[in-house]
Structure formats: structure tokens, C-alpha cells
Amino acid sequence: MKRCPSCNRTYTDLSLKFCLEDGSPLMVDTVPQSAGSSNRYPGPRNTSEPPPTEIYRPEARLNQVAGMSQPRPAPQWSPTPPLRPQQKSNTLWWVLGGLLVVGVIGIGLVIMILALASMNMNNANGNANSGVANINKGSNTNGASESNNNSSANTNTNTNATINPGLPSSITDDFAAENWKTGTFQFGDIWYADDEYHMRAKETLYLVMYAPDGDYNTENARVRVTARSVDGVSPASGYGLIVHGEKSQDNALEDYALLIYSGSEPQYQVVMHKNGIQKILVPWTKASIIRSGTNPNQLEIRSKGDELSFYINGRYLTRITNSENHKRGVAGLYTSETGEVAFDDLEISR
């Protein structure tokens, strides 16, 4: 039997440890009961009075009253995960790589555009060639005015004619068919009109056009063409006929030319292009056989071996020796300055 030391309640349930009334620890009642003695029980409960109020004590309180204190639960500690080393971002390298690729592509496009533009210009220029003409006219000993036309020629011509054993014995071009190059070039304009081949150079420049193919070869041949000033204002540095026209290894003009000035004092001149440089072989010389104004003149050059002979309107003028060995080229046409000229009836006979 167990007894509460506070309220003296007794309990036969030995498993109880605390008083059910006040929570005091129970004590084992060791007082022996005399034989035949009756158990003492508390007096009868007065039912007229309300039962004592029971105070609810939570388990923590009961433990404290019983002198037992539960330790606080240890705070849960979770170790901070170790910081992962920050990986270096590859974004910068991707950006730099992208910019490099874009730059390379851009440079490639620029180079391609420039190459295409160059090809288009070369195709547009075709056989058109010109250079800067420094025209310094003065009187020579025989009274004729002389033009010192020292210039370097543009070299866009694509005609490299070679001797072809199958060449026709003669060829005639009345310019009714548009076989020669035409267009607006850096150094002047060339076009067809009224079955004639028209040319006009820019101021201080000269313009050369070689024949379209090797059938116009002038080696050991007689070459004639009709030329006229369209508006009666003759080009100051002359216009005329070319033979043996071809390009050098440096892509420069090489040929011989008979030029005329059909102004108020008609004159002729013979020049040579050697590696793009124009050299005067026969200076400006007055010639009354040259028709002035808008009247046409027939220009003729005869090639035989190393000798070249020059004629205007069927009249012999002069001859030179072909010292530069220009023989394998083709016929061509020449004009200078801004006066418009027209060519017709080109003939080559061998």
C-alpha cells in the first residue's frame, strides 16, 4: 500500500508513484496492520458539497513538482554545406568567339564585294583605255602646232591577238552590227548611233578602244577607217586609227596610231604606246589634205614587215620603222578631250 504524505490518501496500486489529488510522490506505507483490526477509511463524502476543483497540471509541471526536470532538446544543428568553388563563366569566351567569327565573315564579305566590283568594272571597261593627256601646244619650226601628249594609259583592254593562220584575207566593219564595246567608262563614253561608232573622252584624257577579236589583226595588212568630228570641234589632242594594238606583259597598251586635228589648221601626228607610255614619233605637222569641220577623213596605215606607212584621204604622208616589233596586235580607235567623233567603214586587207 502507498500513501500520500500530503493528503494521507492511500492507494493499493503499487505501480502509482504520485498522488492523484495533489501530485505528491507516494510513500510506501510501512505501518503494519494489527490482526483483526479494521481498515480505516475516510469518512463518508458529503455529497451536498461540490467536489474539490481539480487543477490541470501539464506533464512538464508534474515533472517539476516531482523534482524531475527533462533536459531541453538540443538544438538541431545542420552543418553549412561547403561552398562550391565558383566555376569561371565561359560566357565571355563565347562572346569573344562570336565577335571574331562575325569579324572574319564581315571581312570576307567586304573582300568579296570589292572583288565583284573590280570584276564588274573590268567587264564594263572592256577594251576601253585612256590616260591623262598633258596638252602643251606650241609652234614648231615649220609653223605647225605640236602636242606633247605624255601620258600613262589605262590598261583594261582584254585583246591579246596572236597570228592566226586561219585569218580572213579581208574584213569590213561598217559598224551596223554592235560588236565593239560600248558604255560609260571612267575616261569617256562610247556608243553606237546611225551605224557609226561614237567616242568622246573626258577633258585632259584620251580614250582607246581595241577591236573585239583577233580577226582584226593588222600584221602585214592595209587598214583604213573613216573618221569625222560630229560637232565640228576637233579633239585638241587628236583622234584617229591604231594598228598592232595589244597589251604588254604588264597589262599596258602597246600600239602605233595616226592622229589628226581637224580644226582651223588641220594637222596630223604619229604616236606610239610602249608599256602604257605615249611617245611622239612624228610631231604635229600641217596637212592641207585633211578636211576640217565635220567633214569625214579616211585614215590609212599600211604594215609591211618592220615598216609602217601613213596616208590620209589616199595621200601619202610619212613612214616609220617598227623598231618596237609591235606586229601581232589588232586595229583600234583613238580620241581625246571632249569633242565627239564618229568612226565608220573599217577595212582590213592582207
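Buried denotes a relative accessible area under 20%, exposed one over 50%, and partly exposed the range in between, with a 1.4 Å probe and protein chains only. The model is predicted, so local features need pLDDT of at least 70 and side-chain atom pairs count only at pLDDT 80 or more, whereas totals for chains, interfaces and linings use all residues. Residues are numbered from 1 along each chain as its sequence is written, and side-chain values use heavy atoms, with hydrogens and water left out.

**Whole chain.** Display the protein chain in cartoon form: two helices and 21 strands are present (DSSP runs, H or I of at least four residues for helices and E of at least two for strands, numbered from the N terminus). Of its 350 residues, 39% count as buried.

**Core.** Select W180, Y197, M199, L258, Y268, I312 and F343, the residues with the most contacts inside the largest nonpolar core, which has 57 residues. Such a core is a set of buried Ala, Val, Leu, Ile, Met, Phe, Trp, Tyr and Cys residues joined through side-chain atoms within 4.5 Å. Strand β14 (residues 253-261) gives the most to this core, with seven residues.

**A buried asparagine.** Next select N297 in strand β17 (residues 297-304); its relative accessible area is 0%, and N297 is therefore buried. Its side chain reaches the backbone nitrogen of R291 at 2.7 Å. The side chains of N297 and N313 are joined by a polar contact of 3.0 Å (N or O atoms within 3.5 Å, where within protein one must be able to donate a hydrogen and the other to accept it, and residues adjacent in sequence count only if both atoms are side-chain atoms).

**Salt bridges.** The structure holds ten salt bridges, each a side-chain nitrogen of Lys or Arg within 4 Å of a carboxyl oxygen of Asp or Glu. Select E347 and R224, whose closest N and O atoms are 2.9 Å apart. E347 lies in strand β21 (residues 341-349) and R224 in strand β12 (residues 222-229), so this pair ties together parts that are 123 residues apart in sequence. R224 counts as buried at 19% relative accessibility, while E347 is partly exposed at 30%.

Move to E324 and K274, a salt bridge with closest N and O atoms 3.5 Å apart. E324 lies in the loop between β19 (315-321) and β20 (330-336), and K274 in strand β15 (residues 267-274), so the pair ties together parts 50 residues apart in sequence. K274 is partly exposed, with a relative accessible area of 32%.

Finally, select D189, R200 and E340, which are linked in a network of salt bridges.
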